[in-house]
Amino acid sequence: MRDPMTWSVPFFRLFGIQVRVHLLYILIMFGIVFRSLMTNPAMWVDVLIFTVVMGFAAVLLHEFGHCFAARWVHGEANEVLIWPLGGLAFCDVPHTPRANFITTIWGPGTNLMLFGICGIVLAAASYLPPLNPLQNPYRLELTNWREGRTAIATNDVRYIRKGSTIEVVKPEQILNVEGELYGLSKDKTVRLERATHLGTVPTWVMWVARFAWLNWLLFLLNLIPCFPLDGGRLLQAIVWKRTDARQGMLVATYSSYVVAILLVVLAFAINEVLLLAMAIFVFSLARQQQLSLETQLLDMQFGYDFSQGYTSLERGLDEGEPAKKPRRPNFIKRWLQERAARRLRKEAEQRSADEARMDALLEKISREGKESLTPEERRFLDRVSARYRNRMN
């Protein structure tokens, strides 16, 4: 229970993939729906369907895109976690830039494909798909390409915009007029001198447009070159292809720092706390990756365990001189170091298990022949063999 990433419950299993849902995700979804119920009771059902149902489906299909791509490159993917920042697909793929790029790109690629399918459906109904990711998803403006007019995809009251003259409209027909509120007259009507009534669209078109907008937003967000978004992994794989894996990770880390700084500036510019929290999270992950790289580099150069600090090495060089007590790192550094240490231990345990299984499979091949291997065992051999070839190179 000390690791917040373990606070999840199993939801269902599909295609051999265990889907787990984080407890914080459940609480946040409940809070969003409850807030809508308290502030705008007429829209709480729309919020429930769009946020909980459609949001969950779009993120899950995104992660399944990663999983199926991992299997296509002879890797393994057996678990998906839905958490507050989206989803995590736990994939084990060959240690090559190609395998990592294909596995990563098929996440946002799935969202782009879903957006394209929704776009075709909308076009058949004479509407263009929404391309502005900054629109309000509950009041999307859709262009009817046959009639050359704009309509509003909403279940709320009708939307009025300035632009032409109408006489009187009833108050239940008014949602907003260019962001301005107008008072009611004695006969319970609102008089607007210059306004344009924007019509509404069929309900099914509204929901298809919302799902298209959601997948378009996920596609664009995941192209941002920072961790933990897919754009950071894509940048790493591209640089890795031209140089090596460590240089790719280093470039992606520095890119994450730049994105974090931009998020801080934007958060203060528009007074948005969530963006500031996202910036801190991106910076923390980038710092964790950088510390992990530095530790691996020192271990490769000196073959020495630096987990006890540099002072232990100084004591080994000069036993006669009393060693100075190292300064205790702050909370954030300790947390990052513990995460890096856990990851290294997990990788060592996985390598040991893979080697033991490799020996067992080689013995099976020598005894029964290669044809006796199952498809999963063949993928395992290909993955481990590719990993060893990259180490030798």
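Which residue forms a salt bridge with E79? Some friendly notes follow.

1. Please keep in mind that this is a predicted model, where local features need pLDDT of at least 70, side-chain atom pairs count only at pLDDT 80 or more, and totals for chains, interfaces and linings use all residues. Residues are numbered from 1 along each chain as its sequence is written, and side-chain values use heavy atoms, with hydrogens and water left out.

2. The partner of E79 is R20, with 3.9 Å between the closest N and O atoms. A salt bridge here is a side-chain nitrogen of Lys or Arg within 4 Å of a carboxyl oxygen of Asp or Glu. The pair joins distant parts of the chain, 59 residues apart: R20 sits in strand 2 (residues 17-22) and E79 in strand 3 (residues 76-83). Strands (E, at least two residues) and helices (H or I, at least four) are DSSP runs, numbered from the N terminus.

3. How accessible are these two? E79 is partly exposed, at a relative accessible area of 31%, and R20 is also partly exposed, at 22%. The classes are buried (under 20% relative accessible area), exposed (over 50%) and partly exposed in between, using a 1.4 Å probe and protein chains only.

4. Helix 9 (residues 331-368) holds both R367 and E363, which are 4 residues apart, about one turn of the helix. Their side chains meet in a salt bridge at 3.9 Å, N to O.

5. R367 also meets E368 in a salt bridge, at 3.5 Å. R367 counts as exposed at 54% relative accessibility, while E368 is partly exposed at 47%.

6. Overall, the salt bridge count comes to 4.
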